[in-house]
Amino acid sequence: MAALETYSPFTTQETAVAPLLSKGKRQDERFPEEFRQIFIKTGTVSSAAGSAYVEFKDTKVMCSVFGPRKALRTNAVSADGQLNCDVRFATFAAAQRQRFVQNALEGAVIRESFPKASVDVQVLVLEANGGEAPAIITCASAALAHAGIQMRDLVTACSAVRFSSGWLGVQNLIVWCSEEIQTNSCLGLQAHVGEELLLDPTDGEERRAEGAFFLALMPQSNEVTHLSLTGEWTPQSMAEAMELCTDGCVGLDSLVRDCLRATPPSRNTKAK
């Protein structure tokens with residue numbers, strides 16, 4: 001009988017990490033300033049006052065809006081209506097993002113239009129592969145508009161991450177507004193050289209980023225509803241990220257509006 005030998009179960013093999021950029025393109029063949037393929041559709045939940053479904057390729061979000069309906073608790077100080085946001089990732093709630101979403105949307109919703117009542121926004125993230133916050137905000141805004149909730153403006157959101165080096169890129173945003181209508185738009189964003197910014201990052205790009213930038217914007221009125229940064233940023237790179245994400249939000253706003261025009265209003269709302 002051959003002698004028994006032991007081995008270490010903790011032996012690992014080193015694997016090479018693929019570069020984020022190769023010949024000016026990312027690992028998924030996008031240019032630095034290019035969105036992933038995006039799908040938007042409203043009216044996906046018949047039982048809700050308004051609803052929307054958004055895909056940023058492998059990041060998939062569904063939102064349902066209920067109300068206005070009588071608020072369970074009223075504010076003794078203000079007669080304005082209440083906006084309640086609930087965000088869940090598949091089977092568990094992400095409480096830290098509920099306040100985040102509410103902050104981004106409250107500035108756009110005209111709460112005095114439904115006094116002493118509440119509007120409930122229920123978001124479910126079905127798949128998450130980076131860019132969850134922009135997908136959530138854009139989806140919730142589209143659902144609110146589909147529900148006929150009075151808003152000062154739509155809210156769209158974009159994120160970008162920062163790396164060293166520089167490549168030039170062209171943005172190409174593809175959106176299907178419904179099963180019948182397909183819209184292809186090429187949004188010309190100013191390219192930049194120096195510190196590299198990647199628009200609409202995947203989860204892998206977010207994990208390897210030196211800094212992250214997030215912007216929620218009311219594009220028609222050019223008002224910021226939420227802005228956050230992580231990591232180290234120079235004034236120049238912050239300005240470039242702001243311009244990149246602002247132009248991205250404007251492009252998304254146009255596409256969401258096209259989608260809303262193409263979708264019949266919810267059966268629970270009156271056509272305007």
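**Exercise 1.** Determine which residue of β14 stands opposite Met218.

*Solution.* Met218 faces Glu223 of β14. Strands here are DSSP runs of E with at least two residues, helices are runs of H or I with at least four, and both are numbered from the N terminus. The model is predicted, with local features requiring pLDDT of at least 70, side-chain atom pairs counting only at pLDDT 80 or more, and totals for chains, interfaces and linings using all residues. Residues are numbered from 1 along each chain as its sequence is written, and side-chain values use heavy atoms, leaving out hydrogens and water. Next, β13 and β14 run antiparallel and are joined by eight bridges. Finally, four residues lie between the strands of this hairpin, where Asn222 adopts a positive phi near 55°.

**Exercise 2.** Describe how β9 is joined to β13.

*Solution.* Seven bridges connect β9 (residues 156-163) with the antiparallel β13 (residues 211-218).

**Exercise 3.** Explain why β13 is described as largely enclosed.

*Solution.* Buried means under 20% relative accessible area, exposed over 50%, and partly exposed in between (1.4 Å probe, protein chains only). Seven of the eight residues of β13 are buried, and the strand is therefore largely enclosed by the rest of the structure.

Notes
Pairing = 2+ DSSP bridges.
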